[in-house]
Amino acid sequence: MKEAEDLKEELYKQSKSSEEVKQENLELSEEIDFLSSKISAKDLCMDDLHQKLEMAERRIQQLSGSVPRLQAERHQYAEKRKEVRRMWQQ
C-alpha cells in the first residue's frame with residue numbers, strides 16, 4: 001500500500017512538473033513569436049532607413065556636382081555687373 005501511494009505521489013509530481021514545463025514552453029513560444037515580429041518590424045525600418053540614406057547620398061552627389069557650375073555662373077554675373085557699373089560710370 002505504501003508503495004502504491006508513493007507511486008501515486010511521484011506520478012502527481014511528475015504530472016504537475018509536466019504541466020509546468022508545457023506552460024513554460026507555451027510562454028517561451030509566445031515570447032519567441034513576439035520577438036520575431038519585433039525583429040521583422042525593425043528589419044523593415046532598417047530597409048526604409050537604408051533607402052532614405054541612398055536617396056540622400058544621391059541628392060548630395062547631384063548637389064555637389066551643381067556647385068562648380070553655380071560658382072561659375074555667379075562669377076559670370078559678377079563680371080557682367082562690373083561691366084554694367086563701368087558703363088554707367090562713363
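Helices here are DSSP runs of H or I, at least four residues long, and strands are E runs of at least two, both numbered from the N terminus. Now the model.

It is predicted, so local features need pLDDT of at least 70 and side-chain atom pairs count only at 80 or more, while totals for chains, interfaces and linings use all residues. Residues are numbered from 1 along each chain as its sequence is written, and side-chain values use heavy atoms, leaving out hydrogens and water.

The C-alpha box is roughly 130 × 20 × 10 Å along the principal axes.

Burial next. Of the 90 residues, 1% count as buried. Buried is under 20% relative accessible area, exposed over 50%, partly exposed in between, with a 1.4 Å probe and protein chains only.

Now salt bridges, meaning a Lys or Arg side-chain nitrogen within 4 Å of an Asp or Glu carboxyl oxygen. The whole structure has 4.

Take Glu73 and Arg69. Their closest N and O atoms are 2.9 Å apart. Both residues sit in helix α1, 4 residues apart, about one turn. Glu73 is partly exposed at 28%, and Arg69 is partly exposed at 45%.

Lys52 and Asp48 also pair, at 3.4 Å, N to O. They too lie in helix α1, residues 2-89, 4 residues apart.
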